[in-house]
Amino acid sequence: MSAPDSPAWCRWLPALALGAACTAAAAPPGNDPLEWLQRAAQAARSASYSGTYAHSNGDRTSVIRITHVTVGKDEQERIEPLDGPPHEIVRHNDDMFCYFPDAKTVRLDRRVSARFFPAIFSAPASTVAANYVPSLGKTENVIGYDCQWIQLQPKDALRYPQSVCSEMNTGLVIRSKTFNAQRQVIEQYTFTDLRIGQAVPKNEVKSTFEARVKRWFTDTRPRDESKGVATGWAVNDPPAGFQKVTELHRTMPGRPAPVSQLVFSDGVASISVFVEANSAPPRTAEASSEDGTTTFFVHPMGDMLVSVLGEVPLATAQQVARSVARRP
Amino acid sequence: MTQDISSLMDGELEAHEAGRVVQACCASEEQKRTWYVYHVIGDSIRGQALRRAEMPDRILAALSGEPTVLAPRRRVMEASFTRIALAAAASVATVGVVGWLGVQGGQLRTEPAIARVTAPAAGAATNVAANVPSGVPVAGTMAVSSNQPVLNVQDYLTVHRQMPSPEFYRQVSNQAPATAR
């Protein structure tokens with residue numbers, strides 16, 4: 001377990017930078033699935049692209065517009081969910097600016113547990129390959145791009161199998177599917193239109209709402225909270241391959257006090273562990289829900305309540321929740 | 001033409017007629033819109049969200065103008081929609097991906113989220129302590145006891161994804177006043 005001020009993913013950063021230096025968006029790699037994986041992970045960060053993707057997860061479907069450019073070493077991205085009231089997230093590396101024009105509010109946050117397609121890997125390929133066996137599947141033409149399917153077969157039953165379709169020239173993931181143990185698709189992302197490369201104008205990553213509101217209110221609390229804090233809680237039996245990314249306090253609606261959150265990741269799937277007061281009326285029985293890859297498991301612990309949410313099978317969430325204890 | 005597009009989507013046209021309508025249906029912006037709006041209507045009938053919202057304002061306007069046209073045909077559309085959407089998508093480059101989610105829909109789980117409540121079982125912990133958990137959650141599920149608070153997954157999902165909905169944001173901002181910039 002690392003201290004909260006030096007989260008585990010810091011150890012991955014040098015490897016990511018090395019990946020950037022080694023990856024060229026030229027000829028596709030040969031038959032080495034690990035190289036394909038590396039290229040796919042890198043392309044999501046270093047390529048410029050603009051498009052719309054659909055995301056289905058169990059009962060939920062959403063359509064999101066994304067523009068991503070890299071200026072020097074800096075990633076800039078604009079994400080606009082097209083359903084519901086207008087809002088958008090402008091991201092500079094890990095800094096997130098969420099604009100809500102109706103509330104005239106911009107919410108500042110830092111990326112902690114968020115995962116935005118096509119950047120679905122949160123760790124270097126070697127870390128992913130420690131938990132999943134990558135292999136190459138068929139090639140396919142998807143929305144006009146030739147792409148190579150990369151299959152990720154988990155090494156145990158603690159996580160879901162996944163397949164990503166990596167564009168031949170750049171490596172960018174155009175489509176991704178997550179399966180349950182019965183090989184049914186339970187979550188998928190797919191671009192429905194996409195431009196890759198020089199044709200993406202840099203001004204498309206700027207906020208489209210900022211100019212519409214004269215006086216924005218700024219909520220800096222999420223960003224302050226994202227800096228992390230020692231919560232006093234630990235997961236004594238984390239599932240194999242899941243490393244703690246960070247721990248922090250989060251303000252949540254309807255709670256008198258901030259909720260402790262511990263974040264774990266295996267490089268593909270992530271798990272959030274929440275610990276809060278088991279307020280009245282107290283929950284006395286465990287409960288769970290599953291929708292697509294989103295598994296939620298609640299484990300009462302006397303006057304405290306442990307809730308685990310992640311893109312993992314229920315048994316994995318149960319293992320995490322039942323091993324939560326106060327750090328000695 | 002509008003009727004033709006509707007018939008095409010319902011699988012009511014002969015092969016040669018279908019080909020003609022597919023060719024013609026994207027000849028003008030108006031007909032493209034009709035084609036698109038009808039798909040959106042089909043989606044909403046089946047409870048799916050928009051596949052691709054290029055023109056949300058126009059869609060909403062068109063939807064409000066045509067609320068009931070396709071509703072009585074639900075059964076026919078469900079039977080034939082995927083096949084037609086697939087064929088048409090192959091033919092018409094501008095709507096090349098329209099059929100994708102429809103095609104994939106057959107593989108998606110469509111039943112509502114399952115909520116289970118299990119009694120705290122000491123034995124169950126040993127089940128998952130090993131690296132190979134049992135695929136099936138603890139037996140004796142589905143008995144939702146009435147005195148337990150309702151599971152509110154959304155709050156936790158929002159925090160986990162760091163993607164607050166505007167409604168969620170308003171709730172948070174009401175608790176502590178934001179500072180003016």
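Biologist: Where is A:P281 found in chain A?
Modeller: Look at the numbered elements on either side. Helices (H or I, at least four residues) and strands (E, at least two) are DSSP runs, numbered from the N terminus. A:P281 lies in the loop between β16 (270-277) and β17 (286-291).

Biologist: What kind of model is this?
Modeller: Residues are numbered from 1 along each chain as its sequence is written, while chains are lettered from A and ligands numbered from 1 in the order in which they are written. Local features need pLDDT of at least 70, side-chain atom pairs count only at pLDDT 80 or more, totals for chains, interfaces and linings use all residues, and the model is predicted.

Biologist: Is the peptide bond from A:A280 to A:P281 cis or trans?
Modeller: Check omega. Its value is near -5° for the bond from A:A280 to A:P281, and that bond is cis.

Biologist: Does A:I143 count as buried or partly exposed?
Modeller: A:I143 lies in the loop between β7 (132-142) and β8 (145-154) of chain A. Its phi is positive, about 35°, although A:I143 is not a glycine. A residue is buried with 20 or more other C-beta atoms within 10 Å of its own, exposed with 12 or fewer and partly exposed in between, with C-beta atoms placed from the backbone. A:I143 has 17 C-beta neighbours inside 10 Å, so A:I143 counts as partly exposed.

Biologist: What is the phi of B:Q162?
Modeller: B:Q162 sits in the loop between α8 (153-161) and α9 (166-175) of chain B. With 21 other C-beta atoms within 10 Å, B:Q162 is buried. B:Q162 is not a glycine, yet its phi is positive, near 55°.

Biologist: Which residues of α8(B) are buried?
Modeller: α8(B) is followed by B:Q162. Within α8(B), the buried residues are B:V153, B:Y156, B:T158, B:V159 and B:H160.

Biologist: Which residues is A:E75 in contact with, leaving aside neighbours within four places in sequence?
Modeller: A:E75 is in strand β3 (residues 74-81) of chain A. Its C-alpha is 6.6 Å from that of A:R45, 30 residues apart along the chain. Contact means C-beta atoms, placed from the backbone, within 7 Å. On that basis the contacts of A:E75 are A:R45, A:H68, A:T70 and A:N93.

Biologist: How far apart in space are A:K244 and A:I271?
Modeller: A:K244 lies in strand β14 (residues 243-250) of chain A. A:K244 is buried, with 20 other C-beta atoms within 10 Å. A:K244 and A:I271 are 27 residues apart in sequence, and their C-alpha to C-alpha distance is 9.2 Å.

Biologist: What percentage of the residues of chain A count as buried?
Modeller: Chain A has 5 helices and 20 strands. Among its contacts between residues at least 6 apart in sequence, 54% join residues at least 24 apart. Of the 328 residues, the buried share is 51%.

Conventions:
Contact = placed C-beta atoms within 7 Å.
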